[in-house]
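Here is a friendly walk through one model, starting with a contact between chains and moving on to single residues. Please keep the sequence and the 3D view open as you read.

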Amino acid sequence: MRWLRTRRRVLAPYVLGAAVLLLIPPLLGGIPGVAPGYVLYLVSLALIYAIVAIGLGILIGHTGQISLGHAGFFAIGAYTSALLTLRLGLPFVLALVVAASLSAAIGFLLGLPALRLSGPYLAVATLGFGLAIPQLVVWQGSWTGGSSGLHGLPPASLPLGALTIVFRTDQDYYYLAAAVLILLTIFARNVVTSHTGRAFIAIRDSETAARAMGVDLVRYKTTAFALSALYAGIAGGLYAHVLHGISPEDFTVLLSVDFLTMIVLGGLGSVGGALSGALLLTFLQNALTRLPVVHDFKNLYIVVLGAILILTIAFLPRGLAGVARSVRLRWAARPRDGASRVDQIVELGEGSGV
Amino acid sequence: MLSVTPDVLIDLPWGQLLVNGLALGSLYALTAFGIVLIYKTTQVITFAQGETAMFSTFVAFTLLTAFQLPFAVAFALTLLFAGLFGALIERVVLRRISTTTVLNPVIVTVGLSLILLGGAGWIWGYEIRTFPDPVVGPPFRFGTIVLSQLNALIFVVTLVLMTILFAFFRFSPTGIAMRAVAENRMAAQLMGISIGRMNALGWGMGTAMGAVTGMLIAPINYLDPSMMGDVALKAFAAAVVGGLTSLPGAVVGGLLLGIVDSVAGFEAPELRNSIAFALIVIVLVVRPAGLLGRRETKKV
C-alpha cells in the first residue's frame, strides 16, 4: 500500500473530493424534476473518462510521448472484462484485474516501437493502433460479437470477506467508479512525485539529458506506456459494466481525440488538470446535446472540440491547471503586512510540487 | 484467409490487382506528398491534410453543381482556393502556436481537422453525393487487364504533378529557397529568405495537392465529410513508410501501400487498415526514419 500513502498536507483535496462525490447522490435526489439515476449514470461515465485522462496525462503530459490511440486500450479493457464475465463467468474483480493487466501488457509492447519513434511518427503509429483494435474486434466477430457488440453483462460484484456487494443500480456503479477514481488519482499523484515521475519529466524535457543523467529510457518509456494503458484498461472494464454492454462503435478515433482534448484543456503535466478536463468536457458534451437550438449536435460538438484544442494551445498552453496556478500565485503575492512578497511566493512555490 | 488453397492463389488476378493498386497508390502518394511538403518546409506534420482536401473537394462540388462551371474551370478555381486556404491556415493558426514542443502542432492540426469535419457537415450535410466524373468513356483494355479512364487520368495527373514539382524544387529560385528553409532555417533566414512566406507557401502548395487528390478520389469514393478518413490514414502510413523528410519517399511509400492495400482488400477486406498499421510499425522498427528518410540529428 506504499503507493497509496498520502501525507497529511496533501490529503485535504482528496477528503474534499471524496466528500463531494459522496454527497452528489443525496443532493440529486433533493432536486425536483431530475432523474437521479440517469444523472448519476452520466457522472459515472465522466468519472470513468477521468480515469483514462489521468493515465493519458502521465504519458503525454509528464513523459512527453503522444498517443492518439487510447480508445484502443480502453476497448481492450472493456472487451476483456466483458468477455471474461459473460463467456467464462469469471467474477467481476478478477476480470477487471485481467483486463487491466492485458491492457498494460499491450501498452508495454506498444512502448517498444515508441522507443525508436518520436513526436509525429509516434502520433501516427498510435493513431493506427487505435483504428486497428475495433477492426480486429469486428474481424473476430465469432467470439467478440462483431459489429453488434456484447450485451447483457452480469452485474458487477465485490467480495469483502464473508460479505459480497453486488452492484445493481446506477447509484451503485457511481460509487464504484468514484472509489476507483479516488484510488487511481492518489496513485497517479504518488507516481508523478516519485523518482519514476521525475524520470518521466526528465525524458519529456530532453531525452539526451535524461540519458546523460542515467535515466533508463527503455525502462521508463515502456513503464509510462504500460501505466497509461493500465488506467485505460481499468476504465474500459468499468465502462463495459456500467453500460452493461459494448460495441466496436464505442471506441472510435474521436474518443481518442476526446481523451486528448480532456488533458489539453485541463493542462498537460497535471493530475488535477486531467481530472477537471475530463469532468468538464463530459458535462459540456451532455450540455450541448440538450441545447434546444441545436439540431445538428454531432457537428457542433466536433467543431467545439477542435476549437477547444486550438484555443487552449494558443492562449492557455498550460490549460486550466495553469490558470489555477497563476491565480493561486497572485493570491499568495497579494500585498500583506509583515513578510515581503518575494518570501511568500518562494514559500508557495515550494509547496506546490509538480 | 486460412482457407486459401494453392490453386485459388494462382487464380488471383495479380496483374489487375497491381494496376488497381498503383492507381490507389498514386492517390495515397499525392496525399502523402502534400503532408511531406508541409512537414519539410514548416516542420509541422499536419493531421488536417485529409480534411482540408475534403473541404476543397466540397468547394469544387459547389462550383460544378450550383454554378454549373466546366470541370477545368472549377478545377483551377478550387486549386486557387485551396492554395489560399492553406496559406491562411498557416498565417492565422500555426504562426501563433509555440513550436517548442512537438505536441503543440499535432494537437492544433488535430483540432483543425475536427473543425473542418464538423464545418463541412454543417454546410453540406452528411448525405453521400456523387461527384461528377472528370472523364467518361470506355475503359482501356490490355489483354485481361482493364484500366478505367479515371485510373488512367490519375496516373497522368500524378506523373505530371510530380514532374512539375520536381522541376520547381530543382530549378526555380522559389523552390530552391523552400529547400534551403527545409535544410537549415537559420542559414536560409541569413541568406534573406523569408521563413514566414515559405511556410505559407508550403502550406498553400500542400493543401492544393490535397485538393487535387480529393477531386480524383471523390468520383470513386463518393463525396461526404468522412471521404478522406481512410485515405488520409494510408497517406500518413505512406509518408511515414517512405520517410517524412523525403518527397520521393512519399511516392515510393504511397505506391507500395496502394499495392499492399489492393491485395489485402482482395484477400481480407476487414483488415485493410490493420495491415496498413502493421506495415507502419514494421518499417519504423527497422528504419525509424522511413525507407528513404534521413535520420535527423539533434543538437543538445
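The contact between the two chains takes 38 residues from chain A and 39 residues from chain B, where two residues are in contact if their C-beta atoms, placed from the backbone, lie within 7 Å. On the side of chain A that touches chain B, the elements giving two or more residues are α5 (119-139), α9 (207-212), α11 (253-266) and α13 (297-315) of chain A. Helices here are DSSP runs of H or I with at least four residues, strands are runs of E with at least two, and both are numbered from the N terminus. With 14 residues, α5(A) provides the largest share of that side. Sorted by class, the side of chain A that touches chain B has 29 nonpolar, six polar and three charged residues. In this scheme Ala, Val, Leu, Ile, Met, Phe, Trp, Tyr, Cys and Pro count as nonpolar, Asp, Glu, Lys and Arg as charged, and the others, Gly among them, as polar.

A word on the model itself: it is predicted, with local features needing pLDDT of at least 70 and side-chain atom pairs counting only at pLDDT 80 or more, while totals for chains, interfaces and linings use all residues. Residues are numbered from 1 along each chain as its sequence is written, and chains are lettered from A and ligands numbered from 1 in the order in which they are written.

Now to F277(B), which sits in helix α12 (residues 272-286) of chain B. Which residues does F277(B) contact, leaving aside its neighbours within four places in sequence? They are G128(A), F129(A), L131(A) and A132(A). F277(B) counts as buried because it has 25 C-beta neighbours inside 10 Å; the cut-offs are 20 or more other C-beta atoms within 10 Å for buried, 12 or fewer for exposed, and in between for partly exposed. Within chain B, the C-alpha atoms of F277(B) and L233(B) are separated by 9.0 Å, and the two are 44 residues apart along the chain.

In chain A, A18(A) belongs to helix α1 (residues 8-30). A18(A) is partly exposed, since 14 other C-beta atoms lie within 10 Å. From A18(A) to L284(A) the C-alpha distance is 22 Å, across 266 residues in sequence.

Finally, two backbone angles deserve a look. Most residues other than glycine have a negative phi.

| Residue | Phi | Loop between |
|---|---|---|
| Q43(B) | about 60° | α2 (14-42) and α3 (49-65) of chain B |

H244(A) is partly exposed, because 15 other C-beta atoms lie within 10 Å, whereas Q43(B) is buried, with 20.
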